[in-house]
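These are my notebook entries on one structure. I set down what I looked up, entry by entry.

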Amino acid sequence: MSFYFSFVVVLSLLALTVPFILLFGFTGALAQRSGFAPIRWFGTIYTSMVRGVPDIIFFLFVPIAMDQGIEIIRHKIKCSDWSEPIRQGNDFVVCTAAKMPLSSSPQWVHETYGFMLATIAFAVVFGAFAANTIHGALAAVPKGQLETGAAFGMSPRQIFRRIHLPQMWVYALPGLSNLWMILIKASPLLFLLGVEDIVYWARELGGSKTARFAYPHGDWRFGYFLFLLVFYLFLTWISEKFFNRIMHRLSRGQNTAAGMS
Amino acid sequence: MSCYETITSYAFRSIGYGERLLPKTDFTLCDQFVLIGSGMIWNVYFAVLALSLGFFFAVSLAVGRSSDNPIARIPAHAFIFVIRGSPLFIQFFLIYEAFVLIPKMGWGINLGFIEITVETKWLTKAWLGALITLFLNTAGYTANIFYGALLSIPKGDIEAALAIGMSKRQIFWRISFPTMLRLAWPSYTNEAIFLFHATALVFFSSFPAWRQEGDSLYYASYFADKTFNPFVPYPIIALYFICFTLLIIGLFGFVNKRLNRHIAKN
């Protein structure tokens with residue numbers, strides 16, 4: 001049963017991260033275009049740094065860093081009379097009231113919390129890629145269209161919202177669909193973040209002996225992983241079809257090679 | 001222990017030379033730098049071998065995919081589809097499990113008078129098993145890039161070659177292949193960077209590290225586990241990766257310049 005549920009976990013992670021990725025992407029892209037230099041630098045450093053380092057390192061780093069950050073803040077607020085340092089040698093010690101989630105809370109809270117941290121980690125990494133794509137797409141909108149808007153007496157805000165943003169999508173879509181493919185293919189890394197996803201269950205159920213049970217069958221892990229492979233192939237195949245259709249629709253009447261026909 | 005001693009005892013720890021035991025307490029910055037750097041040897045090893053071997057396989061796959069002969073086209077197409085459609089992480093698991101299963105099935109080659117049992121034990125070791133996975137993976141992605149480049153070779157070039165009486169073989173080696181490389185090179189650079197980043201997955205997925213000889217991420221997570229402090233080892237490994245990524249960009253940029261040296265600059 002948990003095995004089937006874990007597919008829902010993976011799919012919901014994919015669905016949940018997308019809005020966050022777009023949010024991070026837009027923030028990063030707008031930061032890169034900002035007229036104020038420090039914000040621009042921040043945007044550039046964010047995108048180039050995440051892209052220069054393997055995503056797996058961020059998946060390991062971001063959840064722990066977030067977790068410890070939250071605990072330190074709660075520690076400062078809730079246990080201000082605590083005198084010992086938080087980092088004692090090789091240990092990270094906060095008072096019990098500051099533990100996140102509380103050690104007394106039920107199992108599902110722990111799992112949801114871990115899942116949320118994973119979502120944020122994915123959003124941080126893929127937001128940087130999205131920022132790059134969106135930045136490029138914003139720059140690719142023909143200048144003449146924006147100037148036309150200005151000639152009609154639109155304010156910069158109106159130009160951005162009514163012309164720049166809608167026109168950007170057709171240029172951003174190939175990059176974003178590619179990103180979605182990469183996101184799908186990165187989703188089994190959830191396993192490394194301690195979320196009980198499909199990879200976890202495939203190993204758990206497929207092995208003849210696990211930490212908890214000894215199954216009467218032999219080593220079935222190969223079969224389980226083959227099934228996962230087919231599942232992912234199907235997912236990417238469907239997505240590709242879907243994006244081709246959207247692209248076809250968006251290209252109608254556009255001044256691009258695909259829109260001419 | 002001074003930093004110099006750390007370097008002498010741990011610089012080649014990842015490939016089995018030097019001190020047997022990893023540091024257990026009092027991790028200094030130097031320890032972390034040296035051990036993570038030592039792990040980079042594995043990352044570079046996987047990246048260099050997988051890329052250089054994968055290149056040849058990718059060229060043959062791309063040619064197969066674009067050929068008119070269905071016996072070559074269909075398998076190449078299927079291979080590219082499977083590799084590009086599934087996560088590398090799952091591929092690692094699958095291939096590892098397959099390699100574990102092979103010896104159990106009792107693989108024997110009967111030569112009639114003598115039976116040879118093929119030694120498959122080392123397939124489950126990371127240095128070979130993971131290399132094969134990465135090799136297949138990069139070959140699939142690169143083949144797709146090359147295939148796209150083959151399609152965008154200007155028709156006029158090939159017609160011109162036919163007009164002066166070049167044979168098919170000559171056209172491929174003198175016209176199609178160089179043009180394909182030139183067109184595909186920027187995307188191929190990206191693929192090389194992705195592959196290099198993917199090497200960090202090796203010891204994190206299914207291939208177990210033998211005698212604690214792992215890659216850089218293996219050591220980085222070792223330190224992060226022991227110290228509960230992710231803010232030191234992960235930035236160090238990030239720094240290493242950024243340096244090597246810049247190196248890849250530089251090397252490939254140099255080749256790119258050479259490939260395009262006959263093109264007029266504007």
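Are α1(B) and α2(B) roughly parallel or roughly antiparallel to each other? I worked on a predicted model, in which local features need pLDDT of at least 70 and side-chain atom pairs count only at pLDDT 80 or more, while totals for chains, interfaces and linings use all residues. Residues are numbered from 1 along each chain as its sequence is written, and chains are lettered from A and ligands numbered from 1 in the order in which they are written.

**Entry: the helix pair.** I found that helix α1 (residues 3–10) and helix α2 (residues 29–65) of chain B pack at an angle of about 25 degrees, their axes 9 Å apart. Axes are lines fitted to C-alpha atoms, for helices over the stretch in contact, and angles run from 0 to 180 degrees between N-to-C directions. Angles under 35 degrees count as roughly parallel, and α1(B) and α2(B) are therefore roughly parallel to each other. I noted the contact residues (contact: C-beta atoms, placed from the backbone, within 7 Å): α1(B) brings Cys3(B), Thr6(B), Ile7(B) and Tyr10(B), and α2(B) brings Cys30(B), Asp31(B), Val34(B), Leu35(B) and Ser38(B). By type, the residues of this contact are 6 nonpolar, 2 polar and 1 charged. Here Ala, Val, Leu, Ile, Met, Phe, Trp, Tyr, Cys and Pro count as nonpolar, Asp, Glu, Lys and Arg as charged, and the others, Gly among them, as polar.

**Entry: chain B overall.** I counted 9 helices and 2 strands in chain B, where helices (H or I, at least four residues) and strands (E, at least two) are DSSP runs, numbered from the N terminus. Along the sequence I read α-α-α-α-β-β-α-α-α-α-α. Of the 266 residues in chain B, 36% are buried, that is, 20 or more other C-beta atoms lie within 10 Å of their own, with C-beta atoms placed from the backbone.

**Entry: the two chains.** I found 28 residues of chain A and 31 residues of chain B in the contact. On the side of chain A that touches chain B, α3 (55–78), β2 (91–92) and α8 (221–250) of chain A each supply at least two residues. The largest share of that side, 10 residues, comes from α8(A).

Entry: Leaving aside neighbours within four places in sequence, Leu201(B) is in contact with Ile56(A), Leu88(B), Phe89(B) and Phe92(B).

Key. Buried ≥ 20, exposed ≤ 12 C-beta atoms within 10 Å, placed from the backbone. Contact = placed C-beta atoms within 7 Å. Parallel < 35°, antiparallel > 145°, perpendicular 65-115°, else oblique.
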